[in-house]
Amino acid sequence: MDYGKSGAPNKGKNTARYSEHNAKGSDKNPYGSQESKADLVARMKAAVEAKKAAK
């Protein structure tokens with residue numbers, strides 16, 4: 001058999017088969033929307049307080 005004439009396998013496209021629900025640049029995750037450190041700390045403190053209240 002002449003393997004040189006059989007053709008090469010197809011290369012992968014290296015792309016996802018579906019789109020992510022929170023892909024960069026979408027409405028849910030727009031570019032350049034980094035939340036501030038103060039917002040993050042406030043959210044973490046609120047979560048701790050909610051956990052304490054649940055006990």
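Student: Of the 18 residues of helix 1, what is the number buried?

Tutor: Happy to start there, and please keep in mind that this is a predicted model. A residue counts as buried when its relative accessible area is under 20%. Helix 1 lies largely in the open, because among its 18 residues the number buried is zero.

Student: How far apart are the end C-alpha atoms of helix 1?

Tutor: Helix 1 covers residues 37-54, and at 1.5 Å a residue its 18 residues should span 26 Å. The model agrees with that expectation, as the end C-alpha atoms are 26 Å apart.

Student: Is Tyr31 buried or exposed?

Tutor: Tyr31 sits in the segment before helix 1. Leaving aside residues up to four places away in sequence, Tyr31 touches Lys24 and Gly25. The cut-off for exposed is over 50%, so with a relative accessibility of 65% Tyr31 counts as exposed.

Student: What radius of gyration does the protein chain have?

Tutor: The secondary structure comes to one helix and zero strands, and the C-alpha trace spans about 75 × 30 × 15 Å along its principal axes. Buried residues make up 0% of the 55 residues. A compact globule of 55 residues would have a radius of gyration near 10 Å, but the value for the protein chain is 24 Å.

Student: How far apart are the mean positions of the positive and negative charges?

Tutor: The protein chain has 12 positive and 6 negative charges. Taking the mean position of each group, the separation is 5 Å.

Conventions:
Residues numbered from 1 in each chain as written. Predicted model: local features only at pLDDT ≥ 70, side-chain atom pairs only at ≥ 80, totals over all residues. Heavy atoms only, no water. Helix = DSSP H or I, 4+ residues; strand = E, 2+ residues; numbered from the N terminus. Expected span 1.5 Å × (residues − 1). Buried < 20%, exposed > 50% of the residue type's maximum accessible area, 1.4 Å probe, protein only. Contact = heavy atoms within 4.5 Å. Rg over C-alpha atoms; globule rule 2.2 N^0.38 Å. Lys, Arg positive; Asp, Glu negative; His and termini not counted. Charge placed at Lys NZ, Arg CZ, Asp CG, Glu CD.
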